[in-house]
Structures are given as C-alpha cells and as structure tokens.
Amino acid sequence: MAALLSATRYGSRLRPSVPNFWLLTWLISYQRKSTNISAVDSFISELMDNKKLKWKVLNTRHRNGQLKVPSPSDPAAELTNVRTPAIDGIARPSFRFSELYNELTNNPLVINISQMEVAQVDHLLETALKEKNVQDVKLLLSQILEFQKLPSQPVLNAALKHLSHRGDAETVDKLIALHYTLYPERSSKDAAICRMEQYKALCQWKLGNTFKSLDTFRLIMTECNEEQMIAVDHMLVEIIDETIGKKSEAVLLAVMNLCEFSLTSLRHEFPLCYVWEKSFLSAWHSDQEAAKTLFDRHEQLRNAISKRIGNISYKLLYDNNIEKVYQIIELLLKHSMTSECKSMMIRLFEYHYWRKNLRGCSEIMQNAIDLNISLPEMCNHQLLELLLGRSTTAETASKKSKNLKPNKYELKF
C-alpha cells in the first residue's frame, strides 16, 4: 500500500510533458480577442463608409438649444409634479431606434466651409447633389455665397443645372455674378457658354418663359464651337422631350424653328434629327404632320436619316411598331429613296418570316414587284418555304431526329 501511494505521489514527476491548463486557457482567450478585434474593425469600417454619418449631428439638442424646462405656472407641469413627486430627479428619455435613424438621416447639414479647401467643398456639394438633398444643397450654396468660396467648374455646373431645374433664377444669377468677380479672365470671353448663359436660358424655360428661353438659346448657339455645342444639345434634348406630346402646337413650332436654324445657319443637324424622330413617333397627329413637313422641307434631314435608317428600323421592329415602318417607307418612296426603302423592306420581310406570317411576306414581295425593287434571292426561297409549309429550322430538326438512335441497355442480374 505504501509503495502504491509513493508511486502515485511521485509518478507525475516521471510523466512526459503535457500541455498546461493555463496555456490552453490563454490560447482560447487569445482567439476570442482576435475575433473581437476583427468584429470591431469591420464595424468601424462600416461606419467610415457611411457618408451620411460623417457630417450629421447625432443629438438635436445641441442644434435647437437646451431642453425645455417647464415653468412653474404651467398647469401641465404642476399636474405631473403632483402625481409623480418621487421621480423628479430620474428623468430617463425612452430610446427609440426609429427616432435615432431619423436624426441620423434627416438632420440638416451643420458645417462651416469658411476654412475649407476647394476639394472639400466639392466633396460636400457633390455628395448633396447625388443624394438629392435639397436642404443641404441650399445651406451649402448659401455659405458659398457668404464666404465667396466657389467649387470647381464641373461641380459648379452641376449646381447651376440643379438650380435651373428648380427654377431658382435668383441663386443662379448670384452664383454667376460671383464667378464673374472671382474669375474675370474666364468671364471676359465673348462666348456666351463661358458666361454660363445657358443655365439662365434653361431656368427661364422651367419658369414657363418659353419664347424668351428659346431666343436666348439661339444667341448662345451662334457663339458656340463644336465642343461647346454638346452641352447645349443636352439641354435641347431635355426641352424637346418636355415639348413633344406635352405642350401646345405653338411651342412645338417654336422649338422646331430653333432646330431648323441650327441646321440651316450653323450646319448642326442633331437637334432637328432628334425633334423629327420624337415628333414622328408621337401619338399626336399634329406632331406627326409636323415631322412629315420637316422631312419634305429639308434635304439635309433626309440625308441624315438615311444614314440612320438601319437603327431606326431595328428600333421600330423591336417594339413591334409595324405601322411606323410602313409610314417611313411611304416617305422614302415619296422622295425616290429606293435604296433606303429596299433595306427597310428586307428587314420587314425577315420580321414576318421568323413569325411564319405568310400573308405579310406575300404582301411585301408583291409591293416590291410593283415598285420595281428587287429583293434578295433568299427572300424568294423563304417565301417558297412558307408556301410549302416547311422551314429550314424544321428540316434540320427532322434530320437530327432521324440520325438519333435509341440507347441500348444491358441489364445484369
């Protein structure tokens, strides 16, 4: 028995080395710390990526003043003091996640740009414009005017376009005047695009001064070069989209006159081509008649449309707008544009062929014979296939089915 006790007492000294219990606990705690550090790191990165949390105020009390202290003459305060006299010093505001979220996202921007650089002002204003936060944009622009810190030219153009869409002519004039003051060498140029007159014209259009706005655009276009005309084209596209099918016929004629002036006087065909396409595809009969008048009047417009006839026909057939395809073919035949008419008839024939429309293909083939327009030989083969009730796809499928052999299986038991 004594030998057994001595063996158990001193046997641990003779055992091989075993990992200590404290070493294991230290390793486990180290792994937990590493996971906690990674979780904190990801949480901080998410906070840094959120731009809204960067310039917002968490607590509105610092912006709106201190909490309202009830006066002793307030009867509601007296009632609360009488009913709950024991909890006057324990005022715990209730925590609501929805209120906290609204404070983080809807609070106005509270910042002073007087000591900021141009890049920082650009970042703030560009972020507010992208988020379409009207209140923040208004506050930033007021400080820009107050401290005379203009952003860079691209951000300034975006801000002026935003104000023009809102019809804020006063702020537009103030920003342009400040630009004149800070950069007289840019504003002294003769080009109206350098004086940023296009934003004033767009603002007048949004305010409803249609003819005044179009007259201003006419003056601007006469002083622009090809690169500057691109910026004017973007605004004219917006004006044309707001006119077709939405405004009166007098406004449409005024816009078309401006586009005709661009073509005849400035040799710039894009506005007239765009207004022709939009008015031709309009659901209003008056717009369609105006488009036909433009097509008959200007040879340069017909030449420009002939270059885009493939794109126009593809777009119409993609939308299954066959009626407009026939109307364009009539206009082309009226001016003896046989090559363009032939290309449209080929596309229309293929459209009917892939839908197995024998009647549509027969009508197109007969019209081509009457108009003395020779279609490719492939159209004759495709029409014959439809007459015989078969197609190349069906033949290939039948051949493949004939070549297929059933698989043989051997069962082993």
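**Figure 1. Lys356 in a loop of the predicted model.** Lys356 is partly exposed because its relative accessibility is 46%, where partly exposed stands for the range between buried (under 20% relative accessible area) and exposed (over 50%), computed with a 1.4 Å probe on protein chains only. Lys356 sits in the loop that joins α20 to α21 (358–370), and its phi is positive, about 55 degrees, although Lys356 is not a glycine. The model is predicted, with local features requiring pLDDT of at least 70 and side-chain atom pairs counting only at pLDDT 80 or more, while totals for chains, interfaces and linings use all residues. Residues are numbered from 1 along each chain as its sequence is written, and side-chain values use heavy atoms, with hydrogens and water left out.

**Figure 2. The protein chain as a whole.** The secondary structure of the protein chain consists of 23 helices and zero strands, these being DSSP runs numbered from the N terminus, with helices (H or I) of at least four residues and strands (E) of at least two. The chain has 413 residues, of which 34% count as buried. Of the contacts in the chain with a separation of 6 or more, 63% are between residues 24 or more positions apart, a contact meaning heavy atoms within 4.5 Å. The chain exposes about 27,800 Å², and carbon and sulfur atoms supply 56% of that area, as computed by the Shrake-Rupley method with a 1.4 Å probe.

**Figure 3. Helices α12 and α13.** The axes of helix α12 (residues 210–222) and helix α13 (residues 226–243) come within 10 Å and cross at roughly 155 degrees; such axes are lines fitted to C-alpha atoms over the stretch in contact, and the angles run from 0 to 180 degrees between N-to-C directions. The two helices α12 and α13 are therefore roughly antiparallel, since angles over 145 degrees count as roughly antiparallel, those under 35 as roughly parallel, 65 to 115 as roughly perpendicular and the rest as oblique. From α12, the residues Phe217, Ile220 and Met221 meet Met229, Val232, Met235, Leu236 and Ile239 of α13. The residues of this contact comprise eight nonpolar, no polar and no charged, with Ala, Val, Leu, Ile, Met, Phe, Trp, Tyr, Cys and Pro counted as nonpolar, Asp, Glu, Lys and Arg as charged, and the others, Gly among them, as polar.

**Figure 4. Helices α18 and α20.** Helix α18 (residues 309–318) packs with helix α20 (residues 338–353) at an angle of about 25 degrees, their axes lying 10 Å apart. This makes α18 roughly parallel to α20. On the α18 side, Ile309, Gly310, Ser313 and Leu317 meet Glu340, Ser343, Met344, Arg347, Leu348 and Tyr351 of α20, and the residues of this contact divide into five nonpolar, three polar and two charged.

**Figure 5. Ser279 and its contacts.** Ser279 has its place in helix α15 (residues 270–280) and counts as buried, with 0% relative accessibility. When residues up to four places away in sequence are not counted, Ser279 touches Ile244, Met256, Asp287, Gln288 and Ala291.

Figure 6. Leu139 belongs to helix α7 (residues 134–147) and is partly exposed at 32% relative accessibility. Between Leu139 and Leu125 there are 9.8 Å from C-alpha to C-alpha, the two being 14 residues apart in sequence. Gln148 lies in the loop between α7 and α8 (153–166), where Gln148 is partly exposed with a relative accessible area of 45%. The phi of Gln148 is near 55 degrees, a positive value in a residue other than glycine.
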